[in-house]
Amino acid sequence: MNEIADQQLPTVTADPAYAAGRLGRALRTFLTHPDADVRDRAEGRMRQWRQVLSGIADGRLGIGSRTPVAGLPVWVTPEVVHGGFATGTPAAGGPLAPYEMEAARQAGVPATRAALFAHALTEEGLARMWGLLDSGRYTAELPEETALLTVAWLVRAGDVDGAAALVSELRPFADRLRFLPRPADRPAAAPGAVHRRSVGEVTAELGGRQPKTAIETQREALTVWRPFEDELLEYWLRHGGEDLQGGAAVPAGRGGVPERGEAVVLLERYGKLAAAHTLCGKHRDPKSNAGILRRALEDVAAGRPVPPRLAGLVRHAVTSMVAKRGRPGSPEHTRLRRDQARQAALPSHHRIAALVVRRLAGLDQRTGTADVESPVAPVTAVEAEATGLPAGTVVPARLRQVVGSALSAPLATLVERGLVPSAEVLASLVPQLVAAATARRFTDPALRALAAATYRAFRNRRSLLLSNLQHQARVDELPWVRAVAAHGTDADAGERAREAAGAALRQLGEIAVGAFPGTLLPNPLVRELNQLARQAGITAPFVEELAADIFTGAFTPKFLESARVAADLLDGSLYARYYAIDCGAVRSMADVQAMKGQGRRAGASRAASSSSAARDFGRMCAERAARNSGTAAVGSSHGAGGWPGSPAANGTVIEQAQILTTHNLAVLVRHAGIAPTAGWEALARECFTTVCRLVTRVQGHPRPLATVKDAAYAWRQMLFHLSLCTPDRQAAVVAWAAAETARWPWHTAARLGPAVAGLRLVASGGEFEPGGMARGGGPARRFLGWSVGGHWMV
């Protein structure tokens, strides 16, 4: 936004107390945590938060700005910590990475970034870059790492002027930033498939598995101590009995071998076993059956008569052991010990995991794998000989699940297999798809791979804390992305790319809404939807979720545009009637702003028009929030100055914006054309089930308001899906919801009762009073998530 627009919006400043609190938490962890690795990470966070605080104090950091670090342009990836605070250090800065050190050694240049940058522009350096472009054997963790590859591509394409201009823009940072790509053993995976975890991540997890103490303790008990207990029992069955009664002397053993000598041998074996096998401790218990037999054995070995009381305990122990397991050598006892031996012989999970790691070693560690079955096949005869594992051993389900998480397949396949458990995980996978769609407009294969790598790396940027309605940096703001924007394309390729992006947008929208019908679309996913819409040439006003703690009362113009789309789709619907939306007023406001925008020229006037739209929409949301909370004055809950208010008061206004815009659902239907396979009625029922599950968690929850808020979001999604059903199906779902509520615990039904009554009220043509109560009284209430001064559901 330009200067005029910024002057008309309130300003949010970063609170150093937040950074100080995070520093204190890191310090406590560093001082008290027993794990050395955790303490090391805490020490790193302490360094970062000290940088944040010192940067705020001396003015080097402008928290809330798109360029928070003085002297660094918007395209430089900043190091960002929790809450969106920049530390002042560029993420691509710091000491040279090992691959940079190796590159300097191979090139015979000083180990500095400036020397590496200069060498990359020489004939030898460009030849190396061209080799990487053709082979695809490179990767990038940050977008800066594809900059020199782009220079090399421009030179080879004959655009020397473009390459020179890009070099001029990069050169001031050549000594600070990592512009060199990372070499890789294999090219990047083919587009179209995504993976949740890389083979390398799976390998690291499996390789870190250690023997489990509980399992190894049980194994020791079955292989060492149970057989020894059988030896003790056999001894007393042969030599105990009536000879112990009254403390009789030790009788002679069989075959002339004295019992004392046999007892001494048994005790010596016990001592050696106890020294070598230390996991089990039960055998040391003197009151256990085995402990009693061993105590009596010590008297025998010493040549002492067994005391009468101990002799009685021995008889009782022998009787109990025989009754429980049978006499050693009997069929039932033999069968039991055989089963236990078979159980103990099962190989440990960590040994099987080590074999799976060896199988995975030959795969590309940087990406997923399409074959997740071969690494978890049963142990072969050859492997059995090499590892000592029994041939045919089946890989346990838990290890198969870990390997399965590296599956590389179409996104829909991952969702079907349950590898995408949440919308947040879905959002983390989408950049892989969007990168491929973004790159399809280029005809040159090397440039297409480079563009995809750049986009994937760009999505590793962490979001900044921004104020004044600013937006995060966009990929097309990178100088090397702009430099190739007009290259390697033709009309047919561009059209194919737009069609592919449109298809990906529709597919992604259907997956997000269909797989997670009761969940708000997370901001990272919204950003990817926006990117796909731009690639498809679709003007779709996707809106992000706003943070209540830094909300300033204003919305960007696209919120009003999105509300207009929802008003056109839902006018007269159950959704509009339930939330009392005046769709005509929304359309009129949007039309007025559109005419103002058309009547003004570019520059300050257009910015002022956008600011006016932001204020008008914000005022509408504040008025609706006031009516729903029953307050008399618009914005009275936001203090004398209006904004910013308390997080709860701000949240009530943000929620009204989400209601008016349907938080992107209407835009997905109208602009992306989504039509979920399950159908709208099935999604509405799933949403209601989600509501019930969330409301159930409120009982006994020490801080239930966040759960209530999530339940209200799922309730809103349900109303949207239900509004796209025919009236007869709406009536069926409403009746089902009323009956379904009774199937949940009493406290769930009690809390949901007023909300379900409100749904039935509106579905039958009734209305709510201001404040969300039923007209004329009654239990019905409108279900909203945010409230000031407590929530009726709690």
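Asn664 is buried, with a relative accessible area of 0%. In this predicted model, Asn664 sits in the loop between helix 28 and helix 29, and its phi is near 85°, a positive value in a residue other than glycine. Thr662 belongs to the loop between helix 28 (647-661) and helix 29 (665-672) as well. For Thr662, phi is about 55°, again positive although the residue is not a glycine. A relative accessible area of 2% places Thr662 among the buried residues, because buried means under 20%. Once neighbours within four places in sequence are left aside, the contacts of Thr662 are Ala566, Leu570, Tyr575 and Phe720.

Helix 22 (residues 491-515) and helix 29 have axes 10 Å apart and pack at an angle of about 145°. The crossing of helix 22 past helix 29 is left-handed. On the side of helix 22, the residues that meet helix 29 are Leu505, Arg506, Gly509 and Val513. Their counterparts in helix 29 are Leu665, Leu668 and Ala672.

Phe516 is buried at a relative accessible area of 10%. Not counting residues up to four places away in sequence, Phe516 touches Val420, Pro421, Ser422, Ala423, Leu426 and Ile511. The C-alpha atoms of Phe516 and Leu683 are 8.9 Å apart in space, while the two residues are 167 residues apart in sequence.

Attention now turns to charged side chains. How many salt bridges does the structure hold? The count is 29. One of them joins the side chains of Glu100 and Arg113, with an N to O distance of 2.9 Å. Glu100 is part of helix 4 (residues 98-107) and Arg113 of helix 5 (residues 113-120), so this pair ties together parts that are 13 residues apart in sequence. Both Glu100 and Arg113 are buried.

A further salt bridge is formed by the side chains of Arg238 and Glu262, at 2.1 Å from N to O. Here Arg238 comes from helix 10 (residues 213-239) and Glu262 from helix 11 (residues 259-276), so parts that are 24 residues apart in sequence are tied together.

Arg359 and Glu383 make another salt bridge, in which the closest N and O atoms are 2.7 Å apart. This pair links distant parts of the chain, with Arg359 in helix 15 (residues 349-360) and Glu383 in helix 16 (residues 381-387), 24 residues apart. Glu383 has a relative accessible area of 17% and is therefore buried, since the limit for a buried residue is under 20%. Salt bridges with shared partners also build one network out of Arg564, Asp568, Asp571, Arg587 and Asp591.

These local features can be set against the protein as a whole. The protein contains 33 helices and four strands. Of its 794 residues, 47% are buried. Among contacts with a separation of 6 or more, 72% are between residues 24 or more positions apart.

The mean pLDDT of the protein is 86, and 90% of its residues reach 70 or more. Which stretches have pLDDT under 50? One of them is residues 1-13, for which the model has 25 contacts beyond four places in sequence. Another is residues 632-641, where pLDDT also stays under 50 and the model has twelve contacts beyond four places in sequence.

Technical notes. Residues numbered from 1 in each chain as written. Predicted model: local features only at pLDDT ≥ 70, side-chain atom pairs only at ≥ 80, totals over all residues. Heavy atoms only, no water. Salt bridge = Lys/Arg side-chain N within 4 Å of Asp/Glu carboxyl O. Helix = DSSP H or I, 4+ residues; strand = E, 2+ residues; numbered from the N terminus. Buried < 20%, exposed > 50% of the residue type's maximum accessible area, 1.4 Å probe, protein only. pLDDT = per-residue confidence, 0-100. Contact = heavy atoms within 4.5 Å. Axes fitted to C-alpha atoms, helices over the stretch in contact; angles between N-to-C directions. Left-handed = near helix turned anticlockwise from the far one by under 90°.
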